[in-house]
Amino acid sequence: MTEVPIPESETEAGALKAADLIRDEARRAPDKPGVYRMYGEDGTCLYVGKARSIRKRILQYAQGRFHTQRIGLMVSLTRSMELVITASETEALLLESSFIKQLKPRFNVVLRDDKSFAELMIRKDHRAPQVRKHRGAHTTPGDYFGPFASTWAVNRTLNTLQKAFLLRSCSDSVYETRTRPCMLHQIKRCSAPCTGLISLEDYAGLVDEASAFLKGKSRAVIARLSDEMSAAAEAMDYEQAARVRDRIRALSAISMENSVSADGVAEADVFALFSEGGQACVQVFFYRGGQNWGGRAYFPRVDRTDTDPEILAAFLGQFYEDRPVPRQILANVLPHEKELLEEAFSMKAKTVDGRRVVSIEQPRRGDRKALVDHALTNAREALGRKMAEGSAQGKILDEVCEAFGLDTRPERIEIYDNAHIQGTNAVGGMVVAGLEGFQKSQYRKFNIRGEDLTPGDDYGMMREVMRRRFGRLVKDEDAGEEVVRPDLLLIDGGAGQLAEVLAVLADLGLDDITAVGVAKGPDRDAGKEHFFMPGKPPFMLPLKSPALYYIQRLRDEAHRFANGAHAKRRSMDIRKNPLDEIEGIGPGRKKALLHAFGSAKGVSRASVADLVKVEGINQPMAERIYGFFHPETRG
C-alpha cells in the first residue's frame, strides 16, 4: 500500500489533536474485551481493531510511543471512535473480522476478493435425490460437499458423480413429467429413476455410495465396485461388468488427478503466504477426503510493515467470517494469536464434548508438509505473475532499465524462443510485454520453413525468425506505415543465438535495438541465469532482484507460447492424410477412396484393378495412386 506523504509538522499536530480525542475516549472505555473503530474527518473508517482491554489498547495510541510511521499517520487522521463491548476476546476477534470485511478500512489488512465458493448438494427431500451445484445458504435439506474453488473443479466432480453413480441432475418438474429416459441416460450418466429403469431402493444405494465417495471413502467404494464387476463377469453378464468397469475408471481418474498426495487428510484447508516488495499472495487449497477440490490465490491489501503472521491472522479471520471452518487448517506460517483464532473458529464450528475441534498447524514433515509446499509454490508463482502484470510494472521496468543500461524505461519488450523435436515441426515464438503486462494480441508464431536449415539448427532457426520479423518491420516503415519498434529484445539462448540476432539487426540497419541473450543456469536452475550483451562479459542479476524474477516470467511465457505452437503444428501434421499429397486427389476423390477402402491404409493395400472400380478414378489416376504407395514399382 502506498502511504500518503504529509509534512512532519502536520503529522505531529494532527497526532496531538487525535491523541486528546483518543485519551478522552479511553477515560470512558471499560476495561473489557471489545472492538474499536477509528474514523477520519469524512466519516470513512480508517482502522478496526480488537483488544482484551479496550481501555488499555486505546491509551497506547494516545501515548504516541512505539508507533510505526503508518500507525502514526492513522492516529493523526483519526477524528472519532466507536467502541463495541463483547463477552470475550474470542467474540471480539470474530466481530473485528466482520467489521473489516464490511468496512474495508484503509489501515487494515483487507481481503479484497470475497467471491463465494460453489458446493455440491445431494438433496434429501425427494424420493430420488438430485445432485447439483449450489451457492449460498444451506436452506434445502440435504448433504453439502465443498467448497470447490472454481467452476472447473465443481463441474469435474459433478461429471464424475454422473459417470460413476448415475445420479440425476434434472429438476423435480422435469423428473415428474418424463415418460422416457433422457439423453443423460443414453450416454450413461443417469440411471433414469424417473422412468423406473432402476428401483428407488437401488437408486438410494447409488446415493449412499456417492456420499461415501465425497466423504473420502473412495477406496472402499472402488473395492465394492470391483467385487461387483468380478461377480458380473463370473456370471457372464459382460454388459453389466463393462458398465461397472466404466464407473470404476471414472472414480479412479479423479482420485489420481491430485499432483500431491493427500492421503490421510480427511478435511483440511491449506494456506500458504508469500510476501515480497510490499505485496502478498495467499494461496488456498481445499482438501476433502484425500481429494483436492481446487484452489484460489488471493492478494490482500497489506503494508510493508505487516509481518507474515499478522497478515495471515487477519486474512484467516476475514476468510472464515461467513464460511464453514474445517477441522484442520494447515499453513506455512503460524498466524498471530494462533490459539485465539483456534478458539474463535471452534466456536463457529461448534465444539464436541467441550473439546476444541479446529486446529491450525504448520507441518514440518510428511504428506501434509508436501501439501503446504505445493501451495507455497503456487503462491510464489501467482504473486510473480501479478507483479509482472500489475501495478508494480513500472518499478520493475525501471529495474530492467538499470540492469541492461537502457536510456529509458522499455515500453515494448519482445521475447523470442524456438521449439522443435530434433528439428521437426520447428516453430519460433514471439511474446510481447510492456507497461500493462503481457500484450497477447501482439504475440506471433513463425513456422520455420528454411529448406537450407540443418534439422535442429537453433542458430539458423533464430536467424530466420529475426529476418522475417524485422524484415517485415523495415518494409512497413519504408511503406510509410505506422509501426512500433521494440525497446528491448530478450533471446532465449546464449552468445551464439545472440550473435545471429545482432547480425540480422545490423544487416537491416536496426543495430540501435538492444538485444540480450538469456541463458539458463547450470542444471537449468531458475535464478542462476547468465545474461549476454554485446561488448560485455556474461553477467548475473542478484537472486532476489525483481528484475530477475520478471525476466524469468517473460522467458517462461515465451517458452510456453512456442511449445504450444509447436505442439499444435505437430498434432496437425500427425492428422494429415497421405492422400492429400497425391497430385490430382481432391476432396471428392479422397472421399470416394476412403468410402471404398475405409482408410488411407486400406487404399495403400488396394491393387490398380481395385482402384479403378472407385467412382472418379480412371486408369492413369489408379496407377498414380498405386505408385505413390509402392515407389518400387515406378519406372
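Tyr39 stands opposite Cys45 of strand S2 in a predicted model, for which local features need pLDDT of at least 70, side-chain atom pairs count only at pLDDT 80 or more, and totals for chains, interfaces and linings use all residues. Residues are numbered from 1 along each chain as its sequence is written, and side-chain values use heavy atoms, with hydrogens and water left out. Strand S1 (residues 34-39) pairs with S2 in the antiparallel sense over six bridges; strands are said to pair if DSSP finds at least two bridges between them. Helices (H or I, at least four residues) and strands (E, at least two) are DSSP runs, numbered from the N terminus. The hairpin of S1 and S2 has five residues between the strands, and Gly43 takes a positive phi near 85 degrees there. Seven of the seven residues of S2 are buried, where buried means under 20% relative accessible area, exposed over 50%, and partly exposed in between (1.4 Å probe, protein chains only).

Strand S2 (45-51) is also among the elements that cover the buried residues of helix H12, together with helix H4 (89-103), H11, S10 and strand S11 (359-361). H12 has twelve residues and reaches 16 Å from its first C-alpha to its last, close to the 16 Å expected at 1.5 Å a residue; the expected span is 1.5 Å times one less than the number of residues. The buried residues of H12 are Lys338, Leu340, Leu341, Glu342, Ala344, Phe345 and Ser346.

Rings of Phe, Tyr and Trp (its six-membered ring) pair if their centres lie within 6.5 Å; planes under 30 degrees apart count as stacked, over 60 as edge-to-face and the rest as tilted. The structure holds 17 aromatic pairs. In one of them, the ring centres of Phe271 and Phe319 are 5.4 Å apart and the planes stand at 90 degrees, so the pair is edge-to-face. Phe271 belongs to strand S7 (residues 267-276) and Phe319 to helix H11 (residues 308-319), so this pair ties together parts that are 48 residues apart in sequence. Phe271 and Phe319 are both buried. The rings of Tyr320 and Phe345 are likewise edge-to-face, because their centres are 5.2 Å apart and their planes stand at 70 degrees. Here the linked parts of the chain are 25 residues apart, with Tyr320 in the loop between H11 and strand S10 (328-331) and Phe345 in helix H12 (residues 338-349). Tyr320 and Phe345 are buried as well. Ring pairs join Phe271, Phe286, Tyr298, Phe315, Phe319, Tyr320 and Phe345 into a cluster.

Strand S7 is part of an open sheet of five strands, in the order S9-S8-S7-S10-S11 and with mixed pairing. Strand S9 (291-298) and S11 are at the edges and have a single partner strand each, so one side of each is left without a neighbour in the sheet. From one strand to the next, the twist averages 20 degrees. S7 and S10 run parallel and are joined by four bridges, and Ala268 stands opposite Gln328 in S10. H11 lies across S7, strand S8 (279-288), S9 and S10, and runs at about 135 degrees to S7. Axes are lines fitted to C-alpha atoms, for helices over the stretch in contact, and angles run from 0 to 180 degrees between N-to-C directions.

Strand S16 (residues 488-492) pairs in the parallel sense with strand S12 (residues 412-421) over four bridges and with strand S17 (residues 514-519) over five bridges. Tyr416 stands opposite Ile491 in S16, while Thr514 of S17 is the bridge partner of Leu488. In a regular strand the side chains alternate between the two faces of the sheet. Both faces of S16 are covered, with Leu488, Leu490 and Asp492 buried on one side and Leu489 and Ile491 buried on the other. Strand S12 also holds Asn418, which counts as buried because its relative accessibility is 14%. Leaving aside neighbours within four places in sequence, Asn418 is in contact (heavy atoms within 4.5 Å) with Val427, Gly428, Asp458, Met461, Met462, Val465 and Ala562.

Two arginines lie over aromatic rings. A charge sits over a ring if NZ of Lys or CZ of Arg is within 6 Å of the ring centre and within 35 degrees of the ring normal. The charged end of Arg37 sits over the ring of Phe99 at 4.1 Å from its centre, and Arg168 lies over the face of Tyr175, 4.6 Å from the ring centre.
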